Amino acid sequence: MKIRILGASGGIGAHARTTSILVDQDILIDAGTGVGDLTISELAAVDHVFLTHSHLDHVTMLPFLLDTVGAGRERPVRVHAQEATLGALQRHLFNGELWPDFSRLPTPEAPFMTYDTLPAGAEHVLPSCRIRSIPVTHAVPAVGYLIRGARASFAFSGDTSVTDEFWRVLNATDDLCHVIIETSFLDADLELARISKHLCPALLAGELKKLKAGPQVHITHLMPGREEDIMREIARHVPNNTPKQLERSQVFEI
Ligand SMILES: [Zn+2]
Ligand SMILES: [Zn+2]
C-alpha cells in the first residue's frame, strides 16, 4: 500500500496545503487543497473519497475534482462518510447554488458522484484494503480512519480533541505502523483548542499516553507559520519517541 501525503497543514500560504492523503492511486482520505497538486490523470484515477468531516479545509477540492474529471470517467466517484457529513455536503455545497448537485448531474442515471453512507465505527472493504471509520471528538460529527492493507495498517485521526475510541481501536491493531494525528495549536492557545475541539501539544501528550508503544507518530494540521514552535512544544512534552512533523509530498510504502 502506498500512502502519499498531499496536504498536512491547518491552513494555506506559501507551500502549505490542507488535509488530503492519497492511498494507492484510487482512494483519497479527505479532499483539502493538496488535491489540486495532482495531475489530471491522477485526479481521474480517484474512485473513492473518504471524508473525516464536513469542514471546508477537508472537502474544498471535491467540487473541483468532480468538475475537472467527472465527464471523462466511466463511473461515479464514490464519496464515503457518515450521514451527518454527507448531509452537510448535500445541503451546503452540492446544493445547486454553491455548486451543481453532481449526485444527479449530468443525469440522475449517470451522475459524477454517489453518496455512500459509512456509519461511524463501520468498515468499508475494498479490493486493496479495509477502511474502518472511528468516531472522534470535534466541533462537528467527525471520524478518524484505520486503513488496513495486506501487510500493515495505518491510522489517521482527522480533526479531533481528547478522545478514547480512536486509541482503543488502534491498540487492538497488531500491524499498525503509522499514526497520523492532528495538533493544530500551541499550548498558549489551549482555550482555543478546547473550544474548537482540536489538540495542542499538552493535550496531545495526554492522548499519546493512551497509545501502546509501536507505531511511528506523525503530526498534521499544524497552524501555518507556527509549525516549528508546535513541534518544539511536542518534543518537550514527549521527549521519548518524539513524533515527527508530517510533510506534504511524503510517501510511505507499507
Ligand atoms: Zn475540522
Ligand atoms: Zn481541519
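The legends below describe close-up views of a predicted model.

**View 1. Donors of the zinc ion (ligand 1).** His53 (NE2), His55 (ND1), His138 (NE2) and Asp159 (OD) are the protein donors of this ion, at 2.1 to 2.3 Å from it. The angles among the 4 donor atoms run from 90 to 164°, and the site is irregular. Along the sequence, the spacing of the donor residues is H-x1-H-x82-H-x20-D. Histidine 138 sits in the loop between β8 (130-136) and β9 (142-148), and aspartate 159 in the loop between β10 (153-156) and α5 (165-171). These two residues are 21 residues apart, and the pair links distant parts of the chain. Both histidine 138 and aspartate 159 are buried.

**View 2. The bridge between the two zinc ions.** The zinc ion (ligand 1) and the zinc ion (ligand 2) lie 3.5 Å apart. Aspartate 159 bridges them.

**View 3. The aromatic pair of phenylalanine 50 and tyrosine 145.** The structure holds 4 aromatic pairs, one of which is formed by phenylalanine 50 and tyrosine 145. The ring centres are 5.8 Å apart and the planes stand at 80°, so the arrangement is edge-to-face. Because phenylalanine 50 belongs to strand β4 (residues 48-50) and tyrosine 145 to strand β9, the pair ties together parts that are 95 residues apart in sequence. Phenylalanine 50 is buried, at a relative accessible area of 0%. Tyrosine 145 also counts as buried, at 1% relative accessibility.

**View 4. The aromatic pair of phenylalanine 64 and tryptophan 99.** This pair is edge-to-face, with 5.4 Å from centre to centre and 80° between the planes. Phenylalanine 64 lies in helix α3 (residues 62-69), whereas tryptophan 99 lies in the loop between α4 (83-92) and β6 (113-117). The two residues are 35 residues apart, and their pair links distant parts of the chain. Phenylalanine 64 is partly exposed, with a relative accessible area of 40%. Tryptophan 99 is partly exposed too, with a relative accessible area of 23%.

Note on methods. Residues numbered from 1 in each chain as written. Chains lettered and ligands numbered in written order. Predicted model: local features only at pLDDT ≥ 70, side-chain atom pairs only at ≥ 80, totals over all residues. Heavy atoms only, no water. Donors = N, O, S within 2.8 Å, 3.2 Å for Na, K, Ca; no water. Tetrahedral: all angles 85-135°; square planar, octahedral: opposite > 155°, others 65-115°. Helix = DSSP H or I, 4+ residues; strand = E, 2+ residues; numbered from the N terminus. Buried < 20%, exposed > 50% of the residue type's maximum accessible area, 1.4 Å probe, protein only. Phe/Tyr/Trp six-rings, centres within 6.5 Å; stacked < 30°, edge-to-face > 60°.
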